[in-house]
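Hi everyone, thanks for making time. Please have a look at it first.

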Amino acid sequence: MSVSHSPRVVPVLVGALAAGLALAACSVPAPPGTPRAPGAGGTAEGARAASVAAHPSELVLGDAQELGGYNPIRGYGELGVSQLYDGLLRLRSRDDATLPTLEPALAAAPPKVNADSTIWDVTLRDGVTFHDGSKFDAQDVVATYRAVLDPASASDIASSFAMIDKVDATSRNSVRFTLKYPYVDFAARLLLSIAASEKFTPGPAEKSTLNRAPVGTGPYALAELTPERAVFAANESYWGGAPQVKKLTTVYLPDDNSRAQRMAAGEIDGTNLPPALAATFASTPGMRVDAVQSADWRGVSLPANSAFAKDPAARIALNLAADRSTMVTKILAGHGRIAATPVSSVYGAAYAEQVFPHDLQRAQTLLDAAGWAPGGDGIRRKGAEVAGFTIAYNPTDTLRRDLATAFAADAKKVGVDVRLEALTFDQIEARIGDLGVLLGGGDKPYSIDTQVFGALHTKVSGASPWDNPGGFGTPARDAALERARRTADPAARAADYRDVQKDYLRDPSAVYLVFLDHTHVSKTDGWQRGPRVVEPHAHGVAWGPWWDLAAWKR
């Protein structure tokens with residue numbers, strides 16, 4: 001965002017790209033083994049046609065994410081994408097190759113910002129009501145943000161709002177955010193979902209009634225919730241216009257194969273699947289596969305307590321050994337891009353087109369020069385130290401497992417012994433100093449600062465244990481990251497971020513492998529949906545073709 005004289009208005013660009021794409025609607029999934037109602041001629045296409053005719057405004061999706069947890073204080077709808085809530089701002093996307101812009105939602109206009117980006121004033125939209133009929137005003141905004149910042153809430157996302165000094169209602173329809181330091185990317189923090197102030201209760205957010213009885217201003221209200229299914233009904237009084245899809249049901253199906261089978265049987269209208277599994281639907285009549293670009297990366301963190309990982313030459317060698325192109329082709333079925341850092345091309349001028357080439361010979365030469373000599377078993381050693389470590393991965397995530405396996409095989413080609421261990425995240429966290437981890441990231445990509453600061457900066461107070469677990473970094477990289485988040489001039493910020501990436505390639509702290517394309521399978525039908533959006537790390541059915549469901553048209 002550019003800087004002008006104080007006060008300034010943050011520019012908000014609006015773009016739309018109509019895409020005549022389609023999804024079907026069907027009845028609620030029947031239990032496995034239940035015969036489906038016959039359609040015209042008894043065919044699957046006939047059954048779908050009958051279902052659409054009977055339920056023209058309903059949609060049923062299979063989700064791998066547990067249902068519930070609809071509390072904004074715990075991070076639900078943090079990026080402005082939610083069926084239940086709105087933020088002060090929302091995403092406006094052109095396509096999934098460029099970052100979306102931010103436009104007013106519960107805000108009546110773009111925020112006004114002072115010269116050094118420490119005071120942000122927001123005027124609120126009039127005439128908005130919550131699902132329970134109560135009126136939206138400034139107290140709801142203040143209560144939501146204060147609850148996130150309240151230590152008693154134990155909010156999962158509090159550290160992302162640490163730049164806020166205070167938030168106050170300056171009138172019934174206006175709010176002022178005062179920041180502790182200049183932070184030019186603060187507009188992305190105005191995507192946070194706003195809940196009714198009366199629903200906040202003291203104590204931990206995980207115990208709040210909002211988790212299972214949400215009250216927002218969004219296009220849908222929660223009508224039913226069980227562990228197996230959630231039903232959302234259209235908000236006919238929605239300030240943005242009543243949605244044409246009148247009912248949305250999400251069914252909890254944690255197993256990838258189960259979701260694929262239900263999709264193939266026509267029992268659900270759409271779901272997200274791993275790339276290779278989604279690809280099996282590519283030629284299925286009446287189905288479509290959408291691969292959406294994301295800022296969601298996968299990579300290997302390196303253990304802080306490993307003598308091998310502490311060697312800068314070893315870290316470069318591991319990056320050179322990784323065959324990222326084959327990972328994209330084989331493991332992602334082509335639905336992804338290679339990664340050298342957490343910065344992808346969607347960041348425009350801030351992106352430095354830097355890569356680690358796949359170069360086994362150079363990797364071996366670096367290890368030789370650093371004193372890591374091959375032993376009789378082919379594994380390198382330096383004195384008593386062995387060139388190697390253990391990589392842990394979440395056992396329920398087959399993609400992480402496959403990437404970890406491929407990386408271990410690549411490392412072995414240069415004499416590095418990488419072992420694999422399937423562990424829960426709680427088990428990993430307890431041993432994080434001694435383990436490499438197959439990590440994912442990119443949970444808040446609409447600000448480049450949140451994409452790179454935690455991942456590439458050496459540890460700072462209050463940082464997540466998953467932020468740069470090895471703690472490797474350089475003073476120059478830290479300085480550029482600190483400077484960029486406070487610099488309002490776009491050209492200067494972009495130059496700082498390019499310097500961060502160039503410094504990283506000289507002294508990497510991890511091994512970034514790939515950016516994922518999130519793959520979604522859906523039925524084809526008459527719904528006209530809007531443009532795709534660059535997706536974050538989250539990739540359930542809240543995203544994909546359904547991220548802007550309220551805007552779908554027949």
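Let's start inside: the largest cavity holds about 100 Å³ of space. A cavity here is a set of points on a 1 Å grid, laid over the protein atoms alone, where a 1.4 Å probe fits but cannot get out, and lining residues have an atom within 4 Å of a point. Grid points are joined across faces, edges and corners, and the volume is the space filled by probe spheres set on the points. That cavity has 13 lining residues, and Arg-529, Gly-530, Pro-531, Pro-545 and Trp-547 lie nearest its centre. By this rule there are two cavities of 30 Å³ or more.

A word on where this comes from. This is a predicted model, in which local features need pLDDT of at least 70 and side-chain atom pairs count only at pLDDT 80 or more, while totals for chains, interfaces and linings use all residues. Residues are numbered from 1 along each chain as its sequence is written, and side-chain values use heavy atoms, with hydrogens and water left out.

Now the overall view. The chain has twelve helices and 21 strands, taken as DSSP runs numbered from the N terminus (helices are H or I with at least four residues, strands are E with at least two). Of its 554 residues, 53% count as buried; buried means under 20% relative accessible area, exposed means over 50%, and partly exposed is in between, with a 1.4 Å probe and protein chains only. The accessible surface comes to about 21800 Å², and 53% of that belongs to carbon and sulfur atoms. Those areas come from the Shrake-Rupley method with a 1.4 Å probe. Among contacts in the chain with a separation of 6 or more, 73% are between residues 24 or more positions apart, where contact means heavy atoms within 4.5 Å.

Let's zoom in on strand E2, residues 58-63. Is E2 enclosed or open? Six of its six residues are buried, so E2 is largely enclosed by the rest of the structure. Glu-58, Val-60 and Gly-62 point one way, Leu-59, Leu-61 and Asp-63 the other. As for partners, two strands pair if DSSP finds at least two bridges between them. E2 runs parallel to strand E11 (residues 247-252), joined by six bridges, and Leu-59 stands opposite Leu-248 there. E2 also pairs in the parallel sense with strand E12 (residues 270-272), over two bridges, with Thr-271 as the bridge partner of Gly-62.

For an antiparallel case, look at the open three-stranded sheet in the order E15-E16-E17. Its edge strands are E15 (373-374) and E17 (385-386), each pairing on one side only. E16 (residues 380-382) is joined to E17 by two bridges, and Lys-382 stands opposite Glu-385.

On to two helices. The expected span of a helix is 1.5 Å times one less than its number of residues. Helix H12 (residues 490-506) has 17 residues and should span 24 Å; its end C-alpha atoms are 25 Å apart, which agrees. Its buried residues include Arg-493, Tyr-497, Val-500 and Tyr-504, and their cover includes helix H10 (448-456), helix H11 (475-486) and strand E21 (510-523). Helix H2 (residues 138-149), with twelve residues, should span 16 Å, and the 17 Å between its end C-alpha atoms agrees. Val-141, Val-142 and Tyr-145 are among the buried residues of H2, and strands E7 (164-171) and E8 (174-179) are part of what covers them.

Ser-117 has a positive phi near 60 degrees, though it is not glycine. It is found between strands E5 (112-113) and E6 (119-123), and at 0% relative accessibility it counts as buried. Ala-333 has a positive phi too, about 55 degrees, in the loop between helix H6 (324-331) and strand E14 (336-338); at 33% relative accessibility, Ala-333 counts as partly exposed. Then there is Pro-395, in the loop between strand E18 (388-393) and helix H8 (398-412), partly exposed at 45%. Which residues does Pro-395 touch, not counting those up to four places away in sequence? They are Ala-422, Leu-423 and Thr-424. The C-alpha atoms of Pro-395 and Glu-421, 26 residues apart along the chain, are separated by 8.6 Å.

Methods:
On a 1 Å grid over the protein atoms alone, a cavity is a set of points where a 1.4 Å probe fits but cannot get out, and a pocket is an open set with protein on both sides within 12 Å along at least five of seven lines; lining residues have an atom within 4 Å of a point.
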